[in-house]
Amino acid sequence: MVLRVGAHGEDFAKDEVVARLAGPGLPVPPVLARGEAEGWACAMSGRVRGTALDDLSGEAVARTLPSLLRALDAAARVDIADTSGYGIRGPDALAP
């Protein structure tokens, strides 16, 4: 689990919606709880382990490419038919 703290609670709310929509094949950690403490937004999320692409060697990127392409394909297949909004949006713009 990961405790995330930030100034913008709506970011965590959007993450919660995206995690619900993502489905299998797309590693989006679930947001297990959200709240506020001393003026800061907080979220408890599941942890997804990995390495940033920028931190990989060229050889490692080549090995990673198939799984990256599968994740992009899974993202393209997320059913957003019952959602609304476009571009950067508030947390309820994607809410079913």
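What pLDDT does the protein average, and what share of the residues score at least 70? The average is 85, and 86% of the residues reach at least 70; pLDDT is the predictor's confidence in each residue, from 0 to 100. This is a predicted model, in which local features need pLDDT of at least 70 and side-chain atom pairs count only at pLDDT 80 or more, while totals for chains, interfaces and linings use all residues. Residues are numbered from 1 along each chain as its sequence is written, and side-chain values use heavy atoms, with hydrogens and water left out.

**Overall architecture**
- The protein has two helices and three strands, arranged along the sequence as β-α-β-β-α; helices (H or I, at least four residues) and strands (E, at least two) are DSSP runs, numbered from the N terminus.
- Among these elements, mean pLDDT is lowest in α1 (85) and highest in β3 (96).
- Of the 96 residues, 21% are buried, meaning under 20% relative accessible area, with exposed over 50% and partly exposed in between (1.4 Å probe, protein chains only).

**Helix α1**
- F12, A13, V17, A19 and A22 are buried in α1.
- The buried residues of α1 pack against β1 (2-6), β2 (31-37) and β3 (40-45), where contact means heavy atoms within 4.5 Å.

**The loop between β2 and β3**
- E38 lies in this loop and, although not a glycine, has a positive phi near 50 degrees.
- E38 counts as exposed because its relative accessibility is 80%.
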